[in-house]
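I am opening my notebook and looking through this structure piece by piece. Come along and check each entry against the picture.

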Amino acid sequence: MDEMNRIRELTRQRNYGDALAAAHALSTKLPKNRDLLYLVAVNQRCLNRIPEALTTLAQLEREHPELSRLYQERGFCFLSVRDSARAIAELQQGVRRNPALTASWVALENLYRMTGDSKNAAAAAEQLVTLKRLPPEVVQAGSHFSEGDFGAAEKLVREHLLKDANDIEALRLLARIERQRDALDEAERLIESVLTLAPDYRAAHGEYAEILIGRQKYLQAREHMQMLLQLEPDNVDYRSLYATACAGLGDHQSAIALYRALLAKDAPPHSHLLLGHSLRALGRQTEAIDSYGAALKARPDFGDAYWSLANLKTYRFSDAEIARMQGALAARDETDRLHLHFALGKALEDRGRYEESWTHYERGNALRRASSRYRPEFAEINTQRQVEVCTRQFFAERAGVGAPDPAPIFIVGLPRSGSTLIEQILASHSLVDGTQELHDVSRIVQELQGPRSDPNEPRYPGALRDLDLANFHALGERYLADTRAFRTRKPAARFFIDKMPNNYRHIGLIHLMLPNAKIIDVRREPMACCFGNFKQLFAGGQDFSYDLDSIARYYRTYLQLMSHWDAVLPGRVLRVFHEDVVEDLEISVRRLLDFCGLPFEHACLEFHKTARGVGTASSEQVRQPINRDGLHQWRRYRRWLNPLEEALGDALIRYRDEPSVAVAQGAGDAA
């Protein structure tokens with residue numbers, strides 16, 4: 001914008017009065033613009049109007065708390081009035097968010113020396129030397145990245161890499177940008193390039209482990225951390241990553257011991273949270289509650305700790321806790337506010353205060369939606385491609401090409417459909433090992449998609465046509481090998497469960513890789529299922545669930561795709577309705593076991609007595625006898641759910657449809 005550039009130029013020329021007047025004039029059109037508010041504050045400070053500058057910065061923080069320069073500018077304001085302690089605190093917050101703030105490091109070095117803090121002064125000086133060593137483009141790109149301007153950061157760093165393809169800091173920064181975009185496969189490749197060029201780069205090794213954990217490659221991550229811990233056995237960050245990898249593998253006993261050891265050495269509040277998650281997974285609810293409480297004691301506005309208590313589904317908040325949550329909504333951090341809204345939604349729902357509860361669920365979903373890149377049409381395009389590619393003829397030409405091992409049992413469907421209950425029932429059988437929601441199929445799909453696939457023209461599932469038949473056998477064997485690390489509770493069991501709901505999208509691929517695997521589709525009445533998704537804050541991977549229209553479209557897409565699999569792979573998938581399981585447990589259990597080729601065992605009826613790790617939101621519910629409590633909870637919110645009901649349309653009835661001969665014949669003809 002020409003006017004914004006003019007204000008910047010006036011500021012650079014130290015014409016602060018004219019710059020401020022121009023900024024005030026422009027602010028009538030752009031009252032919340034981040035860069036404009038920042039320029040107003042800078043010019044107010046330079047005119048020694050410190051109270052006005054601090055007021056502007058407070059507004060800037062409300063609107064754009066991610067901007068690291070606002071903390072730098074506030075530090076400069078306090079420096080102007082000789083308040084060294086507050087200046088240091090603000091500048092520290094700025095460089096924590098953006099380590100490339102050279103002016104902040106210069107100020108901090110001087111302040112530390114003035115206050116006699118020689119250790120921190122030396123650290124600030126070292127950071128300045130590091131920044132001076134780096135190419136200016138990389139420093140500038142790092143600053144853009146820290147302030148959330150990923151497009152500008154990527155443009156700068158890619159232009160630099162065209163001139164110097166082996167610049168390890170540029171490659172490392174590009175990996176961080178790709179991580180931020182959830183392109184973890186590309187981030188992994190970039191960090192591997194860094195480590196090839198600089199094998200001893202410890203910071204890159206730590207980031208590599210974080211990426212492996214993000215890709216659910218927990219075994220590789222744990223092995224990597226073991227190597228690093230041999231070099232630095234007391235490194236707190238390495239030990240925390242090692243514990244996270246253990247938890248990811250389902251080895252919660254080891255994770256608990258590691259987290260407790262970390263907390264004995266004054267670890268950050270997040271370690272209490274992670275300890276609580278592992279305790280919860282093992283059914284040690286009282287200890288988990290204590291651990292979440294310890295996280296709140298260490299940081300009273302810790303939204304994730306409140307949400308973790310709410311997400312137990314059985315915890316009931318006191319009046320005082322609800323009041324504290326409501327007070328904490330003023331927290332600076334948007335992530336805290338997000339978690340608090342979902343926690344308050346659950347807390348007030350339990351009190352029967354449904355209108356207030358709905359308001360918080362709606363606000364929490366709006367916050368999550370604002371940061372999401374999800375588009376409903378992407379799932380719809382993928383579904384149409386599956387229908388076009390995965391015909392009956394396509395499967396007939398590739399019959400029996402996969403690995404013949406019958407060990408996997410896939411439980412698929414939508415989240416909040418009752419799939420954890422089915423998993424717990426089957427995992428109670430002596431011949432079945434319950435693992436967790438495994439990401440191995442989605443990782444194979446990502447590789448078939450390739451990097452930066454256009455969601456409007458996805459390479460998958462079309463890429464399946466191009467695979468040699470032997471590749472399907474190799475992919476099946478790879479899946480079996482990669483998932484073996486999770487088969488720890490009953491390693492000798494003949495069967496194991498993969499309960500990743502989203503695998504319903506990849507039943508065609510699963511059938512080709514593992515033609516003898518069992519596939520169970522767990523389905524729940526649409527209104528109950530969709531509302532269950534709307535009020536659930538997922539750790540990741542379910543971005544469709546934060547908007548009622550998107551949820552309805554996703555549910556309808558799910559029905560469409562499952563109908564297709566029924567038509568082209570008749571009899572391949574067992575459909576289980578959650579309501580039927582609740583109404584007649586024994587008949588449902590016998591039907592499940594018959595489908596899986598398992599003899600009846602009474603333990604499957606007493607699934608709630610089975611001691612095993614459960615990592616989903618239903619962990620505490622499946623440790624109780626079956627009940628009807630959750631079947632119709634959505635009706636309490638009916639007056640706010642009319643748009644959902646209308647968007648679902650005939651799916652409200654069609655979800656109970658069974659595959660018909662006519663549908664199957666039509667699919668065969670189309671092939």
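How many nonpolar, polar and charged residues does the lining of the second largest cavity have, by class? I looked it up: two are nonpolar, none is polar and four are charged. The classes count Ala, Val, Leu, Ile, Met, Phe, Trp, Tyr, Cys and Pro as nonpolar, Asp, Glu, Lys and Arg as charged, and the others, Gly among them, as polar.

**Ground rules**

I am reading a predicted model, in which local features need pLDDT of at least 70 and side-chain atom pairs count only at pLDDT 80 or more, while totals for chains, interfaces and linings use all residues. Residues are numbered from 1 along each chain as its sequence is written, and side-chain values use heavy atoms, with hydrogens and water left out.

**Entry: the cavities**

I found two cavities of 30 Å³ or more. On a 1 Å grid over the protein atoms alone, a cavity is a set of points where a 1.4 Å probe fits but cannot get out, and lining residues have an atom within 4 Å of a point. Grid points are joined across faces, edges and corners, and a volume is the space filled by probe spheres set on the points.

The second largest cavity holds about 30 Å³ of space. I listed its lining as D440, R443, I444, R478, Y479 and D482. Helices (H or I, at least four residues) and strands (E, at least two) are DSSP runs, numbered from the N terminus.

The largest cavity holds about 40 Å³. Around it I noted W307, A310, N311, K313, K346, Y361 and K535. By class, that lining has three nonpolar, one polar and three charged residues.

**Entry: a pocket**

Next I turned to the second largest pocket, with a volume of about 590 Å³. A pocket is an open set of points with protein on both sides within 12 Å along at least five of seven lines. I read that 23 residues line this one, and that R8, Y38, R69, Q72 and Q140 lie nearest its centre. The elements giving two or more residues to the lining are α1 (2-12), α3 (34-46), α5 (68-80) and α9 (136-146). Which of them gives the most? It is α3, with seven residues. The lining of the second largest pocket has eight nonpolar, six polar and nine charged residues.

**Entry: the sheet**

I traced five strands in an open sheet, in the order β2-β3-β1-β4-β5, with parallel pairing. Two strands pair if DSSP finds at least two bridges between them. Why is one side of β2 and of β5 left without a neighbour in the sheet? β2 (432-436) and β5 (573-577) stand at the edges, each with a single partner strand, so one side of each has no neighbour there. Neighbouring strands are turned by 25° against each other on average, direction ignored. Axes are lines fitted to C-alpha atoms, for helices over the stretch in contact (heavy atoms within 4.5 Å); angles run from 0 to 180 degrees between N-to-C directions.

I then walked along the sheet, pair by pair:

- Four bridges join β2 to β3 in parallel, and D433 has F496 in β3 as its bridge partner.
- β1 (residues 408-413) and β3 (residues 495-498) pair over three bridges; F410 stands opposite D498 in β3.
- Five bridges join β1 to β4, where the partner of V412 is D521 in β4.
- β4 and β5 also pair over five bridges, and V522 stands opposite V576 in β5.

Is β3 covered or uncovered on its faces? Both faces are covered: F495 and I497 on one side and F496 and D498 on the other are all buried. Buried means under 20% relative accessible area, exposed over 50%, and partly exposed in between (1.4 Å probe, protein chains only). In a regular strand the side chains alternate between the two faces of the sheet. Strand β4 (residues 518-523) has five of its six residues buried. I also saw helix α28 (residues 469-483) lying across β1 and β3, at about 90° to β3.

I noted a cis peptide bond between Y460 and P461, with omega about 10°. P461 is in the loop between α26 and α27 (463-466).

R14 has a positive phi near 65° although it is not a glycine. I found R14 in the loop between α1 and α2 (16-27), exposed at a relative accessible area of 65%. R416 also has phi near 65°, and R416 sits in the loop between β1 and α25 (419-427).
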